Amino acid sequence: MTLIPLVYHASYSKLALPPHHRFPTTKYAHLRQYLLDNHIATTAQFHAPTAMTAEDVMQVHQREYVEQFIAGTLPTAALRRIGFPWSEALVERTLHSVAGTTLTASLAINQGIALHLTGGYHHAHYNFGSGYCIFNDLILAARNAIASQQVHKVLIFDCDVHQGDGSATLSHQHQGIISCSIHCKENFPSRKQHSHHDIELTKGSDDNLYLETVEQTLALLIRIHQPDLILYDAGVDIHQNDDLGLLNISQEGLFRRDLTVLSMAKSENIPIAAVIGGGYSRDALQLSQRHSQLFIAANHLW
């Protein structure tokens, strides 16, 4: 069995938020421990990213926006749109998490697959953040892989319940990046942007419709675009009991989706780098179980 590279940094869960804040910041540490406790992963598989520099981030995002975020001088309205109070811990977490997805992509190119225990900050736009997303790790990773000539074409395959509106707008600004979002039509953001490919599912869609859509869409995109790398956002907020999701997907459905996506990439010999994306629940164990399906599916195949 291949030792699948996993990417994690302690800063991911070191973010003090106000009581009753909806963002489950502790889920990353809980997930790591769950994977270890249940023998889904070993400590030898983990890689820690080095924080990305401001200049690195500016390859995708506006200089003024990056500088204001790092210095803590973003306007109150901009922070409200992001959904987090500013802190030095937030800056550290953000710069490590976006670096983590770039590292995951690089490891995947070398080893065929790599998985990131955070990521999927697809609501981050060129000059503003939104929906708990500050910098767009998916676009940063794709652009870095292309700029370093590791690959020529990257497919962002976003299966989070929310449309990747930031990835949609940014992907059109960088050659070689193809964006696809399969999301719930009635969910956030209310104002959708244009990805290269958008597939909207209605509220309450179930396993069968969802899995058929994912399989047919990915097969078509691979055939049309022939990507050298797939960045897969494996959000579990499609789950029927997710606090912010409106779809009706079971835990078995999560596993089958991840197994489908990973197996298609493997059969086509396309490296795949996956991020865990969104997932919202007050129950840390249930959230870990949902996110763990990605890692269990990977272990089935590699």
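Start with the cavities: three of them reach 30 Å³ or more. On a 1 Å grid over the protein atoms alone, a cavity is a set of points where a 1.4 Å probe fits but cannot get out; grid points are joined across faces, edges and corners, and a volume is the space filled by probe spheres set on the points. This is a predicted model, in which local features need pLDDT of at least 70 and side-chain atom pairs count only at pLDDT 80 or more, while totals for chains, interfaces and linings use all residues. Residues are numbered from 1 along each chain as its sequence is written, and side-chain values use heavy atoms, leaving out hydrogens and water.

Next, select Phe84, Arg93, Tyr121 and Phe135, which are among the residues lining the largest cavity (lining residues have an atom within 4 Å of a point). The volume of this cavity is about 50 Å³.

Five of its five residues are buried, so S7 is largely enclosed by the rest of the structure; buried means under 20% relative accessible area with a 1.4 Å probe, protein chains only. Leu229, Leu231 and Asp233 point one way, Ile230 and Tyr232 the other. In a regular strand the side chains alternate between the two faces of the sheet.

Strands pair if DSSP finds at least two bridges between them. S4 (residues 154-158) runs parallel to S7, joined by five bridges, and Leu155 partners Ile230. On S8 (residues 272-275), also parallel to S7 and joined by four bridges, find Val275 opposite Asp233.

Definitions and conventions: Buried means under 20% relative accessible area, exposed over 50%, partly exposed in between (1.4 Å probe, protein chains only). Helices (H or I, at least four residues) and strands (E, at least two) are DSSP runs, numbered from the N terminus. On a 1 Å grid over the protein atoms alone, a cavity is a set of points where a 1.4 Å probe fits but cannot get out, and a pocket is an open set with protein on both sides within 12 Å along at least five of seven lines; lining residues have an atom within 4 Å of a point.
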